[in-house]
Amino acid sequence: MTSPFHHAAGGDLLFAETVRVADCTLRDGEQQAGVVFTAAEKLAIARELDALGVYEIEAGTPSVSPQDREALAAIVDAGLTAKISALALARRQDIDLVKDCGAWAVRLSLPIGYLQREAKLKLDDESYLQKAIEVTSYARELGLHVIFSPYDTTRCDMAFLLRVVGELTARGTIDRIRLVDTAGCATPQAIGHLVREVKKATPVPLEIHCHNDFGLAVANTIAGAAAGAEYLSVTMNGIGERSGNASLEEVAVALFVLYGVDLGLDTTMLTGLSRLVEELSGVPLQRHKAIVGRNSFAHESGTVVAGVLKQPFTAEPFVPDLVGQTREIVLGKKSGAASIDVKLSQLGYTVTDAQRDALLKRVKEEAVRTKSAVSEAALVAMVDEVLAS
């Protein structure tokens, strides 16, 4: 159950007829400092992403290492339904590596933002445009699906961006354009504006790729979709450089539950896939992480538990089964009598009201003493003591 104010709020929602996930856990997710996936681990994650229903998997950057090329080739050969793409810098030799690995698409990375061009490329407008035409044409000649990524898009000159987009569209050298909030510094309103302006300049599908430096990656990705972007670039658990990327699970469930946009995913797999990525990446998931966090459906407060037991939607916007989660009643300092009753029923104990009250007092004291929740084993010990007294 969600807010009825959605309809009252209105707004221009221009979702494409089909919105697809282009997952980049295996590329941008692995770019998180200290994260390394082996080829076997990448393949395992790719298989699960494929089973989830992801349309496309951005499986790595072949120029990084032989291991990346090995992993990409293995994923390509795995017979997955998902399309497989890989990232390349705007160099022919990098594009060749993507082709040699058998990928369906190349993602051509050529920064268009002011700072990136000045600090990295030293390319004026004409030189940039010629480079973009050259590499996209070359990739097209190789028979690759071409996704042009003029990154740092949210910090560029709009007129020049539209000129580049128009030129590449006219030449027919691109199949998709990825708009990138490289430093995570745009607002949802800015992302919506960017997508709408670029869509006026080209019929080529757009992809939105947002970083999370201000905690806005998910909101920005949804804003991009609502403005008409057909592809959403996300990572499981939101892993990625610095503060990470837009979280696949948050974007997918928010779009489905709040906006009625179905990305074609089996959302019941999300929690299991999240745990796999957590294990293989070595990046611990915060307990209160939205959708897949261990506390997402955990309740301790006595008043909250009393409501949940009568009507779960008093404290939950959707059922835990939707994302492969289960509801948990936690015993602790804030627990009430209803929580004790639930736990005792689960354990098969019958007690008097006085014994129940004594147990509740002990639970609260133990939680204060340990500054943590009370485990089931500790509760059993308390029950045995109370029943014996």
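This is a predicted model: local features need pLDDT of at least 70, side-chain atom pairs count only at pLDDT 80 or more; totals for chains, interfaces and linings use all residues.
**View 1. The whole chain.**
The chain has 16 helices and ten strands. Both kinds of element are DSSP runs numbered from the N terminus: H or I over at least four residues for helices, E over at least two for strands. Along its principal axes, the C-alpha trace spans about 85 × 50 × 35 Å. Of the 389 residues, 50% count as buried. Buried means under 20% relative accessible area, exposed means over 50%, and partly exposed is in between (1.4 Å probe, protein chains only).

**View 2. Glu56 and Arg107, a salt bridge between two strands.**
The side chains of Glu56 and Arg107 meet in a salt bridge, at 2.8 Å from N to O. Glu56 sits in strand β2 (residues 56–58) and Arg107 in strand β4 (residues 105–109), so to speak distant parts of the chain, 51 residues apart. A salt bridge here is a side-chain nitrogen of Lys or Arg within 4 Å of a carboxyl oxygen of Asp or Glu. Both Glu56 and Arg107 are buried. A search of the whole structure turns up 33 salt bridges.

Glu250 pairs with Lys289 in a salt bridge whose closest N and O atoms are 2.6 Å apart. Glu250 lies in helix α11 (residues 248–259) and Lys289 in the loop between α12 and β9 (298–299), so the pair ties together parts that are 39 residues apart in sequence. Lys289 is buried, with a relative accessible area of 7%. Elsewhere, salt bridges that share partners join Arg27, Asp28, Glu56, Glu58, Arg107, Arg176, Arg178 and Glu207 into one network. Look also for Arg117 and Asp125, a salt bridge with its closest N and O atoms 2.7 Å apart. Arg117 counts as buried at 11% relative accessibility, while Asp125 counts as partly exposed at 35%.

**View 3. Ser85 beside Glu58.**
Ser85 is found in strand β3 (residues 83–89). With a relative accessible area of 0%, Ser85 is buried. The C-alpha atoms of Ser85 and Glu58 are separated by 4.7 Å, though the two residues are 27 apart along the chain.

**View 4. Two loop residues with positive phi.**
Most residues other than glycine have a negative phi. Asp152 has a positive one, near 60°. You'll find Asp152 in the loop between β5 (145–149) and α8 (158–171), and Asp152 is buried, with a relative accessible area of 0%. Asn237 has a positive phi too, near 65°. Asn237 lies in the loop between β8 (231–234) and α11 and counts as buried at 10% relative accessibility.

**View 5. A nonpolar patch on the surface.**
Met1, Phe313 and Val319 form this patch, and together they have about 300 Å² of accessible area. Areas come from the Shrake-Rupley method with a 1.4 Å probe, and for residues only the protein chains shown count as cover. Patches are made of residues with over 30% relative accessible area and no salt bridge; like charges are joined within 9 Å, and nonpolar side chains (Val, Leu, Ile, Met, Phe, Trp, Tyr) within 5 Å. Phe313 is found in the loop between α13 (302–310) and β10 (328–329), and at 35% relative accessibility Phe313 counts as partly exposed.

**View 6. Two helix pairs.**
Helices α3 (residues 39–52) and α12 (residues 270–281) pack at an angle of about 165°, with their axes 11 Å apart. Axes are lines fitted to C-alpha atoms, for helices over the stretch in contact, and angles run from 0 to 180 degrees between N-to-C directions. α3 and α12 are therefore roughly antiparallel. Angles under 35 degrees count as roughly parallel, over 145 as roughly antiparallel, 65 to 115 as roughly perpendicular and the rest as oblique. The crossing of α3 and α12 is left-handed. Left-handed means that the near helix is turned anticlockwise from the far one by less than a right angle, and right-handed means clockwise. In the other pair, the axes of α15 (residues 353–370) and α16 (residues 376–388) come within 10 Å and cross at roughly 140°. α15 passes α16 in a right-handed crossing.

Terms used
Residues are numbered from 1 along each chain as its sequence is written. Side-chain values use heavy atoms; hydrogens and water are left out.
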